[in-house]
Amino acid sequence: MRLRISLLVVGVALSELGLAVPVQDSPRQRLLDGLDLPAKYHKQKTAPPYTPGHKDTLDKAIDTVGDKLDPLPYRNGLGASVLGPWNWERSRQSPDMVRPPSTDHGNMKNMRWSFADSHVRIEEGGWTRQTTVRELGSSVELASVNMRLDQGVIRELHWHKEAEWAYVLDGEVRVTAIDYEGGSFFDDLKKGDLWYFPSGVPHSLQGLGENGTEFLLVFDDGAFSEESTFILTDWLAHTPKSVISKNFDLAPEIFAHIPEGEKYIFQGSNPGSIDQEKPTGKGVKKSKYNFTHRMLEQEPKHTSGGQVRITDSKNFPISKTVAAAHAIIEPNAIREMHWHPHADEWSFFIRGRARVTIFASEGTARTFDYMPGDVGIVPRNMGHFVENIGDEPVEMLEVFRSDEFRDFSLFQWMGETPKKMVIDHLFADDPKNGEIFWEKVKSAEKDEVTMPSGSDNSDEEHGDEL
């Protein structure tokens with residue numbers, strides 16, 4: 001009877017575990033030998049994440065948002081529970097702040113800001129919010145404004161002392177401008193298009209189509225303020241009408257009812273086509289400059305884990321102070337380990353969920369998590385990567401105060417360094433794995449968005465124990 005029960009137990013175990021393992025170390029053989037099953041044959045490999053018993057010496061990413069997990073400060077047997085007040089939603093959005101990887105070390109400025117924390121200025125038919133050095137102290141080279149204009153709504157005629165670079169997030173928008181030589185410019189843009197207006201160039205923006213537009217503005221000074229814009233109506237409101245009268249050679253009464261202050265964002269009439277609307281006076285001339293660019297219409301560089309488009313002064317000549325890359329990082333893929341030698345990286349996350357570890361030298365490193373609408377900063381020369389930790393592609397912009405996009409690839413650097421030098425640095429005590437590493441990097445080919453070989457999105461498990 002006892003033998004029959006033992007065989008029944010073995011049969012049940014085998015029915016669940018299967019026989020697709022080496023015969024000499026199969027679950028069946030181990031059970032027949034009276035041995036315990038190794039952990040790899042158990043359905044639950046380790047304790048769930050964020051518990052005292054969870055072990056993960058590889059510091060792998062966990063998608064707390066997608067998996068609906070509440071992070072707690074436990075890591076590899078260290079840490080403790082939380083007894084005091086705790087913002088669960090905020091913690092879930094930044095799990096690597098709650099439980100940093102064991103490789104994080106030292107003090108570093110905050111490199112993350114969410115536009116959700118920026119004050120919204122609401123206007124007639126639109127709104128605006130900004131992220132500057134005042135909101136994000138590490139954003140010293142660039143500042144940004146997120147703006148929405150409904151159908152026909154106008155961001156009134158204005159100019160800035162800073163250059164303005166913009167990316168259309170959605171909808172359609174008409175831009176107008178006048179260049180330094182008095183040439184006029186008009187264009188209608190859609191999602192994925194750019195514009196760039198150099199310092200002092202006057203321009204206007206108007207939402208088109210059924211839903212208008214939303215766009216991201218980037219200015220080449222982290223201390224920029226949208227409140228410091230030079231606005232047409234504000235200027236005239238603060239100029240004596242006698243002077244306005246002389247300037248335009250018209251009677252003062254003509255200006256009796258002009259606005260008493262800035263209009264900023266306001267509902268305008270729906271425009272016709274550019275050909276219908278553009279001025280036709282005898283002094284009007286067409287600008288010889290192109291202030292717009294179709295970024296998403298560029299042919300991307302396809303990589304093993306996504307794609308990259310780069311727009312800078314090489315293919316958008318007017319953009320002398322801002323360069324940018326548009327990257328798609330597929331699930332499980334990584335924007336390779338790299339650094340930028342000439343400018344801080346200002347990143348904007350459009351969709352997906354990502355984590356970034358920034359290496360600041362002197363043994364200092366910190367990991368940040370990003371979601372749609374978040375801004376990230378990586379100071380120049382600091383090493384970093386961008387890892388997709390969610391179940392959808394990460395779409396992001398990398399923006400720089402520079403005329404050209406430049407980066408150094410760690411992978412490429414290793415492949416272009418003498419083999420003995422690389423192995424002596426990293427594998428002096430492990431020459432066998434040094435050979436494996438060298439075979440991987442010796443091609444010295446950049447793969448800006450890298451998909452690990454053998455990656456399988458459907459077979460991920462959190463916290464595999466070594």
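1. The largest nonpolar core of this predicted model comprises 70 residues, and the residues with the most contacts inside it are Trp165, Trp195, Trp346 and Val399. Strand β8 gives the most to this core, contributing eight residues. As a general point, nonpolar side chains in soluble globular proteins tend to be buried together.

2. The pairing of β8 involves several partners. With strand β11 (residues 203-219) β8 pairs in the antiparallel sense over 13 bridges, and within this pairing Gly171 has Thr213 of β11 as its bridge partner. With strand β10 (residues 193-197) the sense is again antiparallel, over four bridges, and here Trp165, one of the residues with the most contacts inside the core, stands opposite Tyr196.

3. Strand β9 (residues 184-189) also pairs with β8 in the antiparallel sense, through six bridges, and Thr176 finds its bridge partner in Phe186 of β9. The two strands form a hairpin with five residues between them, and Gly182, which lies in the turn, has a positive phi of about 85 degrees.

4. A separate local feature is Thr239, located in the loop that links α5 (232-237) to α6 (241-248). Is Thr239 buried or exposed? Thr239 counts as buried because its relative accessible area is 18%, and the cut-off for burial is under 20%. A polar atom of the Thr239 side chain lies 2.7 Å from the backbone oxygen of Trp235.

5. For the protein as a whole, the secondary structure amounts to 10 helices and 26 strands, and buried residues make up 46% of the 466 residues. The protein exposes about 24,600 Å², of which carbon and sulfur atoms supply 54%.

Conventions: Residues are numbered from 1 along each chain as its sequence is written. This is a predicted model: local features need pLDDT of at least 70, side-chain atom pairs count only at pLDDT 80 or more; totals for chains, interfaces and linings use all residues. Side-chain values use heavy atoms; hydrogens and water are left out. Buried means under 20% relative accessible area, exposed over 50%, partly exposed in between (1.4 Å probe, protein chains only). A polar contact is a pair of N or O atoms within 3.5 Å; within protein, one must be able to donate a hydrogen and the other to accept it, and residues adjacent in sequence count only if both atoms are side-chain atoms. Two strands pair if DSSP finds at least two bridges between them. Accessible areas come from the Shrake-Rupley method with a 1.4 Å probe; for residues, only the protein chains shown count as cover. A nonpolar core is a set of buried Ala, Val, Leu, Ile, Met, Phe, Trp, Tyr and Cys residues joined through side-chain atoms within 4.5 Å.
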